[in-house]
Amino acid sequence: MDEIKRVDPRQQRILRNRLHPEHDAAVSAVSVSASGLLRKNPHQQGYLSAEGIKRIDRSGDAAQMTGQAKKAQAATLPLRSVATPTDYIVVFSDADSEKLTVLDKDMLGLAHQLAHDSTAVLLITLHPRNDDLAAAGADRVLMLGNGEQFAPDSWLATLLALHDSLNVRHWIVADGSLVGGHLARLLAANLGVRPVTRGKLFADEALTCGGGDPSLQAQRELSPVLLVEEQVADPITGFVCGAEAMGMPETSAPQTVTDNGRVAVDPAHIPLAETRFILSAGNGVNNWALYHQCAKALGATEGASRVAVDNGNMPRSTQVGATGTYVNAKVYIAVGISGAIQHLQGMTHCETVIAINADPNCDMVKRADLSVIADSSEVMQALVDAVSGSGNAKGEWEHAG
């Protein structure tokens, strides 16, 4: 009699839901072959976005480790030490976050793929960092600014001085960033080289680069100046670096740009992909006028779930998720959003997530760093009152996470 293989529908649902508590156990169970060998599931290493780009899932156990656990793990890893480097690979970071961004770690990973045993990886940052730079892969660290001043002329002069004095082989900069991308192009023009732009993947000593058409890609040979995007390489694993502080080189560049300070910008005019503070609304919002008032009071850019957009409550340009916009905000407040997998994919790289929801068991609450279990209208009204100083921001909410 022929053996009939039956499929467990519950197990199939768990395998499709990466946020299910039994997902890892279910994947391990189906990864064992008939011979008893443990097979590695290649699909578990990432997922395809709506644009067809493979993205790495960093929301697992390693991403949820506490700072003490990461330090304890780093203490057991071998130290990469380059006492007298023959050349350097420089990673330039202009992100205004206290922690390294995902792209920063990808760029450091690319630098180590390009480095030799006697090559030192130098991280140049414009803002103070409160992060483990040694575990991220920085052999040397140079603080180029204090995070407040804007001095492109002196910065460019410093980069040119470093290029000559340190024998820099490659400059790796984030493409699309306002400061870093501009400086990288000025640097390439002064060096007389053609930069590689929109680098998406490094393999076989070449970079796969994107074009105006997302379906078209090109292979580019390496250049001294590389402008790259997320997922260009994996972050380092298995070792730590010294992260030694480096002094500023002497330059005599005149400062021709006068910094008049920050300019107030309407949060509604900041694109979702660039804003650092988002108040996102979902199907659980009942008072949309209050939501808009709350976003204006907090100075946050408005975002939305797909349900809120499909229902006509928010424009399509505000949709966050795999079918909308990938965001990288410092603070992401989700109001009345249950947390569909596509929405969670779009906000994976947000630093601090706050969930306001009446359902304590929804996936957004599980993802959030801080959860307020209460009616969304009551919380938004309390936030508006607190900002306006009316003194009515009182309530008893259960805080979870």
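The following legends describe close-up views of a predicted model.

**Figure 1. The second largest cavity and its lining.** Helix H7 gives the most, with four residues. Sorted by class, the lining comprises seven nonpolar residues and one polar residue, with no charged residues.

**Figure 2. Strand E9 and the burial of its residues.** Strand E9 spans residues 206–210 and is mostly covered, as five of its five residues are buried. Ala206, Thr208 and Gly210 point one way from the strand, whereas Leu207 and Cys209 point the other way. The residues of both groups are buried.

**Figure 3. The hairpin of strands E8 and E9.** Strand E8 (residues 196–203) runs antiparallel to E9, and four bridges join the two strands. Within this pairing, Phe202 has Leu207 of E9 as its bridge partner. The two strands form a hairpin with two residues between them. Asp204 lies in the turn and has a positive phi of about 55°.

**Figure 4. The pairing of strands E9 and E10.** Strand E10 covers residues 217–221 and pairs with E9 in the antiparallel sense over five bridges. Ala206 has Glu221 of E10 as its bridge partner.

Note on methods. Residues are numbered from 1 along each chain as its sequence is written. This is a predicted model: local features need pLDDT of at least 70, side-chain atom pairs count only at pLDDT 80 or more; totals for chains, interfaces and linings use all residues. Side-chain values use heavy atoms; hydrogens and water are left out. Ala, Val, Leu, Ile, Met, Phe, Trp, Tyr, Cys and Pro count as nonpolar, Asp, Glu, Lys and Arg as charged, and the others, Gly among them, as polar. Buried means under 20% relative accessible area, exposed over 50%, partly exposed in between (1.4 Å probe, protein chains only). Two strands pair if DSSP finds at least two bridges between them.
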